[in-house]
Each structure stands twice: as structure tokens, then as C-alpha cells.
Amino acid sequence: MRKKKPAVKPRVRMFALDTNVLVHDPLCMYHFQEHDVFIPLEVLEELDNHKKGPAEISRSSREASRQFDAICNGDNSDVQKGLSLAAASHGKATGRIFFQSICKMCSVFNRACPGFVSQIFPAS
């Protein structure tokens with residue numbers, strides 16, 4: 001009789017989303033199932049700049065912002081440790097979402113960075 005191999009836990013990956021992806025599908029952060037999602041600060045700024053007006057890009061930018069609000073309001077966790085996507089996605093996504101904080105600037109100014117962002121963007 002063959003021995004059963006122990007179940008291997010799938011490795012959680014982190015996907016960085018660009019403005020174009022969020023404008024194309026404002027709900028895309030929920031399609032990554034158990035994987036984590038990273039939103040750079042520049043993406044948040046670009047979405048904010050596109051929100052005004054009646055165009056499709058404006059509508060999509062507003063919807064993505066509403067989804068981010070729902071995620072932030074549904075999880076009281078520390079933003080540095082990531083926010084759960086489970087509640088806002090109604091169980092479709094089990095990963096976490098990370099928003100880039102000002103910590104990236106720590107590497108520019110050669111300061112010690114206390115957050116996880118320094119692991120994603122290590123100082124050169």
C-alpha cells in the first residue's frame with residue numbers, strides 16, 4: 001500500500017497591481033484567491049486623479065476607491081500587517097491587501113524602516 005503524501009500548503013504569493021489593472025477591473029483585488037495584493041502609493045494617487053468626470057476611467061477609479069474603503073472599514077487590523085480581503089469579497093478572496101506606506105521613503109533617506117515594505121523594496 002502506498003503512503004499518502006502530506007498535503008502541501010500552497011505558497012502565498014504577492015501581486016502588485018497597477019493603475020491600468022484597477023481601471024480595467026475595479027474588483028480585481030478579489031480575484032487572487034489566497035494570494036496577497038500590494039497597492040503602490042503611486043497607484044492610489046493616479047486613481048485619485050482619475051476620479052473626476054463622467055468617463056469610464058473615472059467611474060472605474062471611483063469604484064476601486066469604494067472597494068478600498070470597504071476593505072479598510074471591514075478590518076480593524078494594522079495596515080502594516082495587511083488587511084483581510086475575506087469580508088469585503090464575501091469569502092471569495094482569503095488573502096490580504098497591503099497598501100504602500102511612506103516607509104518606502106525610508107530607503108531613499110537611508111533610515112531604518114520598521115515596516116514590511118522594506119522587504120519588498122529593499123534599500124540599494
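The predictor's confidence in each residue is expressed as pLDDT, which runs from 0 to 100. For this predicted model the protein averages a pLDDT of 80, and 78% of the residues score at least 70. Confidence is highest in α1, at a mean of 95, and lowest in helix α5 (residues 117-120), at 46. Over residues 107-124 the pLDDT is below 50, and this stretch has 21 contacts in the model beyond near neighbours in sequence, a contact being heavy atoms within 4.5 Å.

Because the model is predicted, local features need pLDDT of at least 70 and side-chain atom pairs count only at pLDDT 80 or more, whereas totals for chains, interfaces and linings use all residues. Residues are numbered from 1 along each chain as its sequence is written, and side-chain values use heavy atoms, with hydrogens and water left out.

Helices (H or I, at least four residues) and strands (E, at least two) are DSSP runs numbered from the N terminus, and two strands pair if DSSP finds at least two bridges between them. On these terms, four strands form an open sheet of mixed pairing, in the order β1-β2-β4-β3. Its edge strands are β1 (14-16) and β3, each of which pairs on one side only. Strands β2 and β4 are parallel and share three bridges, with Ile39 standing opposite Phe99 of β4. Strand β3 (residues 83-84) runs antiparallel to β4 and is joined to it by two bridges; here Ser84 has Arg96 in β4 as its bridge partner. Helix α3 lies across β2, β3 and β4 and runs at about 110 degrees to β4, where axes are lines fitted to C-alpha atoms, for helices over the stretch in contact, and angles run from 0 to 180 degrees between N-to-C directions.

A nonpolar core is a set of buried Ala, Val, Leu, Ile, Met, Phe, Trp, Tyr and Cys residues joined through side-chain atoms within 4.5 Å. The largest such core has 20 residues, of which Leu22, Met29, Ile39, Phe68, Ile71 and Ile97 touch the most other members. Two or more residues each come from α1 (19-24), β2 (36-39), α2 (41-50), α3 (56-73) and β4 (96-99), and α3 gives the most, with three residues. Leaving aside residues up to four places away in sequence, Leu22 touches Leu17, Cys28, Met29, Ile39, Val43, Leu47, Ser60, Ala64 and Phe68.

| Residue | Relative accessible area | Class |
|---|---|---|
| Cys28 | 6% | buried |
| Cys72 | 34% | partly exposed |
| Gln33 | 48% | partly exposed |
| His90 | 74% | exposed |

As for the cysteines, the structure holds zero disulfides, a disulfide being a pair of cysteine sulfur atoms within 2.5 Å.

The other two residues in the table stand out by their backbone angles. Gln33, placed in the loop between α1 and β2, has a positive phi of about 50 degrees although it is not a glycine. His90, in the loop between β3 and β4, likewise has a positive phi, near 55 degrees, in a residue other than glycine.

Definitions and conventions
Buried < 20%, exposed > 50% of the residue type's maximum accessible area, 1.4 Å probe, protein only.
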